[in-house]
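Open the model in your viewer and keep the selection tool at hand. We will go from stop to stop, picking residues as we go.

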2 protein chains.
Amino acid sequence: MMKHILGYRCTLCGAELPYDERMTCPHCGEKGILDIVFDYNYIKKSFGRAALAKDRTNSMWRYAPLMPLEPRDFSPFLRVGWTPLYTANRLSAELGLKTLYLKDDGLNPTASLKDRASGVAVAKAVELGYDTIACSSTGNAASSCAGNAARMGLKTVIFVPQRAPEGKVAQLMIFGAKVVSVKGDYKATFELSKAAIEKYGWYNRNAGINPILTEGKKTVALEIAEQLNWEPTDWVAVSVGDGCTIGGVYNGFHDLYALGMIERVPKILGVQSTGCCPFVDAAREHRPLVPAAENTLADSIAVGVPRNPVKAMRAVSASNGAWIAVPDEEILAAMRLAGAKEGVFGEPAGVTALAGVRRALQEGIIKSGETVTAISTGSGLKDVKNALRAAGTPKLCEPDLAALDKSGIL
Amino acid sequence: MMKHILGYRCTLCGAELPYDERMTCPHCGEKGILDIVFDYNYIKKSFGRAALAKDRTNSMWRYAPLMPLEPRDFSPFLRVGWTPLYTANRLSAELGLKTLYLKDDGLNPTASLKDRASGVAVAKAVELGYDTIACSSTGNAASSCAGNAARMGLKTVIFVPQRAPEGKVAQLMIFGAKVVSVKGDYKATFELSKAAIEKYGWYNRNAGINPILTEGKKTVALEIAEQLNWEPTDWVAVSVGDGCTIGGVYNGFHDLYALGMIERVPKILGVQSTGCCPFVDAAREHRPLVPAAENTLADSIAVGVPRNPVKAMRAVSASNGAWIAVPDEEILAAMRLAGAKEGVFGEPAGVTALAGVRRALQEGIIKSGETVTAISTGSGLKDVKNALRAAGTPKLCEPDLAALDKSGIL
């Protein structure tokens, strides 16, 4: 029993359960995703602004007291988190926004925010004595799982849909994972991984099942708050696929609010592509989610059947935030904007939050006088094809000055 | 006049010159690459171990007092440096080495060590009031120049050889650079950039010309020393192309030694591919460099005519180090090793240092009881094709458990 955890609470039926190795609610089955309930009064005794001010750990492991893990030395793990939060003056001027920050989570060890979840999952697997960890993923969760596991000597079995981009698959292979490239979509991939995990008894890193993953992803919110000296922006924008990341963002701010470390939870803007926006559609029509098409080039958020709907919907509603969808062309435009204005190269799903901020401004959801943080969730190097689609390819030039002058490049 | 700089010294003729905007020696011409001579007695007054222990800056900008720059607020720049130094226990056991550290410089903002040079170059261009910065590059210098410049609102003109990998070119385009893809090799690319820079008066970021770049790259050595609590390893291994990076590694340790911050300069292992090893050949035959073929998949170090031979040769000789060449197959093997054993995904030139350590151990140059740091100079995401070549592609599997069991993947 961990002293800083009170137990589980089911996000569907509200049942309270003891904290153990279970991953979902026994009453609700697979859809009964659990919340981990922390004992903030216990945590407060040793964790807070003052303790953090003295802590030189420059990674997410500085927030270990807020993770569902036993205390340990985290220095052997990959250095996840503590990514830069850039003041984006040129970009905010371009968008007509008072203040914009860009959180570049593509600078994590395997180049995406998913390292935050995988780091915690690997730590948990090590804590529990597993030798293999498995997951299904559109790509980033997979490569982060494989990389974080490799660093700690764990084996990995990874299920990816056939359409996963080359860069993400290359990472998996280099990290020595056993990779199952599934002939089918994300749903089929997830189902196969579920069956195999049940059969073989591997540690389950599936984001829609394992409640600790949200508690890793929440560290991005903890960092944003600390990097802004505990005065987060009015809005925090994040792209949404499975729903686990936005759920984590909310949990992080909620934790800080419950601990008295921030005075308010920012409004959370959930952003999807119009080509795959089950959350946006459900929110607009005030109904539960229904399976959606997966027609977006932002592969990391092309999730037609999100596995974490409750945490995601709650993130927006409890924070008084908003849902918005942007077409793929605006995602590609956001790639160019973040790159050319701020030197931040995000993958399509990475810059989708920024595209959402732009559109939310146009629609009056975000006011120009408000302050905003946009989270870039992954590096553009993960998906070079779409980067070239966004930015074009360079012109060839003969190696002489006269040719250069005539080329029209300058 | 900067108080912490005494002047220039030509690496060829030894002439001492005042510190100004010049980039090469007036007596020796283009090959007369300059050293910047620092006033260590002046620097000592305010910079040292104690000052650094109090400094929370988690980037290379913590070493600004050792850079050829006027003091300024560096927080608007990209967050370059302070990359992780991992204790690589699984890898050292595999290699039969007492202690091995991996410095993952692929976790820089544009995913390579070159950000250290580009950051300083962009800061200098801003300091001097330029609005455009230009360079030629096999890829990483280019993308780092473009990214760091974009962040500060500078325009960039970049010359790349036609063979530059897609990932690196994609970065350039996204960062809004004017890209000249030159029909020819690196030498032809360099010559065209030189002519154009002369004609148009842009700030020159060419690593073989501009002496401040070495002073940016040296921060990787400063970090290694500080991260090892001012007791660097017996050896530091680094891959070598143009010669600027290894020159910087030596300069960094030399600075620390001159300042009394470390007790000895580590032996530096310069590693090249056997497919392009002008330094290794010259050192073995005790003769000056001659142009070499560029037959290696490690594109970042495929430099047949290195522009910084003197600083590179000095780094090895003055540190009592060694030169070594490794075949491409051993570079690909090192990619797999670093990935599977430590969760570090380096590009071919990135892991070449590690391949060199392995070979140097086999050849008795490095003893198994010695301590070693291998610098990984760039992310494997820069060059996915070679990663897939190193690790293979995954097997496809029908979405059912029976098919998985039969697939042989597990």
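Select domain 1 and domain 2 of chain A. Here 8 residues of domain 1 touch 7 residues of domain 2. Look at which elements domain 1 brings to this contact: strand 4 (29-38) and helix 1 (40-44) of chain A each give two or more residues. Colour the domain 1 side by class, and you get 6 nonpolar, 1 polar and 1 charged residues. Keep in mind that this is a predicted model.

Now zoom out on chain A. Domain 1 covers 1-45. Domain 2 comes in two pieces, 85-110 and 213-391. Domain 3 spans 112-211. The centres of domain 1 and domain 2 of chain A lie 26 Å apart, taken over C-alpha atoms.

Next, show both chains. How many residues does each chain bring to the contact? Chain A gives 66, and chain B gives 66. Select helix 6 (166-174) of chain A, one of the elements that supply at least two residues of the chain A side. Helix 6 of chain A makes the largest share of that side, with 7 residues. Others to pick out include helix 5 (140-151), helix 7 (186-200) and helix 13 (328-342) of chain A. By class, the chain A side has 36 nonpolar, 15 polar and 15 charged residues.

Stay between the chains and select strand 15 of chain A with strand 9 (residues 178-182) of chain B. The two run parallel, joined by 3 bridges. Find K395(A): V180(B), in strand 9 of chain B, stands opposite.

Last stop: the largest nonpolar core, with 258 residues. I158(A), A237(A), I158(B) and A237(B) touch the most other members. Nonpolar side chains tend to be buried together in soluble globular proteins. Click I158(B) and look around. Among the residues I158(B) touches are C135(B), A142(B), L172(B) and V180(B).

Conventions: Residues numbered from 1 in each chain as written. Chains lettered and ligands numbered in written order. Predicted model: local features only at pLDDT ≥ 70, side-chain atom pairs only at ≥ 80, totals over all residues. Domains from an automatic or database assignment. Contact = placed C-beta atoms within 7 Å. Helix = DSSP H or I, 4+ residues; strand = E, 2+ residues; numbered from the N terminus. Nonpolar A, V, L, I, M, F, W, Y, C, P; charged D, E, K, R; others polar. Pairing = 2+ DSSP bridges. Core = buried A, V, L, I, M, F, W, Y, C linked by C-beta atoms within 7 Å. Buried ≥ 20, exposed ≤ 12 C-beta atoms within 10 Å, placed from the backbone. Lists of a residue's contacts leave out its neighbours within four places in sequence.
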